[in-house]
Amino acid sequence: MDLIWDGLRQSFWLLVRGDARVYEIMLRSLLASGAATLLALLIGVPAGTFLALRRFPGRALVLSAVHSGMGLPPVVVGLVLSVLFWRTGPLGDLGLLYTVRAIVIAQTVIATPIVTGFTVAGIQALDPRLRLQILALGASRLQLLWLLLKEARLPLMAAVIAAFGAVISEVGAAIQVGSIIRGETELLTTATVLATQRGDFGLAFALSVILLALVFCVNAVFTLIQQRGPRP
Amino acid sequence: MRRLLPALFPVLLLVVVAACGGGGPDRDELILATTTSTMDSGLLDVLIPAFEEESGYRVTPVAVGSGQALELGRRGEADVLLVHAPEAEERFMAEGHGVDRRLVMHNDFVIVGPPEDPAGARAAAATREVLSRIAAAGARFISRGDDSGTHQLERALWQAAGIDPEGEAWYVVSGQGMGATLGVANERRGYTLTDRATYLALRDRLDLEILHQGDPVLRNVYHVIQVDPSKNDRVNAEGAQAFAEFLVGERAQEIIGEFGRDRFGEPLFTPDAGKDEADLR
């Protein structure tokens with residue numbers, strides 16, 4: 001028990017004293033997972049919209065793959081990507097292994113199916129008559145898509161929350177493609193793992209508390225955006 | 001035009017990925033594959049900056065198991081290895097994957113247990129005898145049972161003592177890492193085999209004492225190996241050589257010999273560069 005109090009106290013002091021290393025790790029975690037979530041949105045929302053509105057052969061298969069992908073184990077993503085990124089691997093020339101960029105790519109792979117799945121569900125949950133009504137009012141296809149996505153903003157924000165939550169709390173892929181290099185690729189999660197293995201439970205708890213607080217703050221912002229505006 | 005828009009997203013992604021691209025091999029970069037023990041103890045956090053400052057190289061440490069470190073070397077995915085698996089290392093060298101292998105340091109394992117020492121482990125000289133006494137007394141022994149390097153050593157030690165502890169009532173398998181296993185040994189008042197560094201790091205929270213140490217079979221010997229540069233054109237042979245020479249050099253050996261003294265009151269590793277291999281067995 002005393003460890004938990006120590007951790008709370010230590011995390012408080014690390015933040016108040018402005019421990020440069022902790023702030024740097026925090027910022028890196030936030031930027032990496034933020035970038036991954038953004039990239040996942042850029043891919044997942046169009047892909048999800050397409051899957052929701054179009055009928056084509058093999059659609060059920062693709063949807064099943066997306067739904068399975070929502071539970072993609074990070075370690076598998078990490079393993080596959082590190083083999084691709086090896087310097088003798090097919091993407092070795094990019095020099096990505098053991099960099100933050102590799103972590104962003106891995107987290108994007110993890111987050112994209114989540115965003116896609118939520119988008120499909122969100123758009124399909126809309127009343128089909130809405131689509132006809134919008135079209136009847138003379139909207140262009142682009143306007144139609146925009147209005148549908150706007151109507152589906154609640155599930156879309158849920159997608160953002162789920163995707164961000166999945167990647168910022170993920171360890172397996174980040175360690176494999178990024179290692180835990182001091183000052184370069186340490187994240188809140190991987191630094192916690194290292195501190196735990198070192199028996200430095202105080203620091204491990206402190207980093208965990210900071211991670212939880214960070215996730216809470218980010219989600220609070222997302223939730224405020226989600227719940228804003230006229231009637232749900 | 002409207003059809004183009006969805007197609008634009010993959011293009012955008014490609015641009016991002018391309019922007020991430022670094023280009024060809026960088027001669028200043030060096031990948032060190034090593035075991036979790038060197039990383040977890042914090043030794044690398046001291047050695048690597050010292051080397052980088054002295055040589056101008058940039059080292060990327062990858063801490064994995066000894067097996068994986070050797071495999072990365074075998075595939076030319078690392079330039080230099082710092083590992084502790086002597087038999088596997090000798091095989092690695094015999095198969096021609098490395099160009100040089102040098103003795104760097106050792107740390108050791110100890111047997112800890114409750115201070116009252118129900119099995120009388122303190123009185124035994126050899127590790128084999130300690131295990132016989134524990135088995136004969138039916139005193140509780142906590143095994144990690146996770147197939148880690150420590151667990152493999154433990155199994156080899158039981159085998160050398162001619163005892164098969166599996167299934168015995170006093171033989172408890174924790175299935176967890178070293179720290180958690182020490183916690184179980186503490187709660188259940190049992191004996192366990194641990195590396196010295198983890199025990200020292202957790203000593204304040206444990207009512208367990210070192211009851212046996214010093215037998216050469218408990219040593220964990222580390223070598224530095226330079227990966228054969230003919231594997232692919234990306235292996236950084238000069239960097240690997242510079243790092244290996246740094247590790248066996250005076251400055252690094254001094255750092256190794258002092259490391260841990262400030263935090264634990266005693267050093268965690270013993271520098272061994274230039275010593276005769278046979279003296280450590």
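Modeller: First a term: pLDDT is the predictor's confidence in each residue, from 0 to 100. This is a predicted model, so local features need pLDDT of at least 70 and side-chain atom pairs count only at pLDDT 80 or more, while totals for chains, interfaces and linings use all residues. Residues are numbered from 1 along each chain as its sequence is written, and chains are lettered from A and ligands numbered from 1 in the order in which they are written.

Biologist: What does chain B average in pLDDT?

Modeller: Chain B averages 86, and 90% of its residues score at least 70. Residues 1-6 of chain B fall below 50. That stretch has four contacts beyond near neighbours in sequence. A contact means two C-beta atoms, placed from the backbone, within 7 Å. Residues 15-25 of chain B are below 50 too, with 11 such contacts.

Biologist: And which ipTM and pTM does the complex get?

Modeller: The predictor gives an ipTM of 0.71 and a pTM of 0.77.

Biologist: Switching to chain A. How many helices and strands?

Modeller: Chain A has 11 helices and zero strands. Those are DSSP runs, numbered from the N terminus: helices are H or I, at least four residues, and strands are E, at least two. The C-alpha trace of chain A spans about 65 × 50 × 25 Å along its principal axes.

Biologist: What share of chain A is buried?

Modeller: 42% of its 232 residues. Buried means 20 or more other C-beta atoms within 10 Å of the residue's own, exposed means 12 or fewer, and partly exposed is in between; C-beta atoms are placed from the backbone. Of the chain A contacts between residues at least 6 apart in sequence, 77% join residues at least 24 apart.

Biologist: How do H2(A) and H5(A) cross?

Modeller: H2 (residues 20-53) and H5 (residues 100-124) of chain A have axes that come within 5 Å and cross at roughly 35°. Axes are lines fitted to C-alpha atoms, for helices over the stretch in contact, and angles run from 0 to 180 degrees between N-to-C directions.

Biologist: Which residues have a positive phi without being glycine?

Modeller: Among them are Ser179(A), at about 55°, and Asp117(B), at about 50°.

Biologist: Where is Ser179(A), and is it buried or exposed?

Modeller: Ser179(A) sits in the loop between H9 (172-178) and H10 (188-197) of chain A. Ser179(A) counts as buried because it has 24 C-beta neighbours inside 10 Å.

Biologist: Where is Asp117(B)?

Modeller: In the loop between strand E4 (98-113) and helix H6 (127-137) of chain B. Asp117(B) is partly exposed, with 17 other C-beta atoms within 10 Å.
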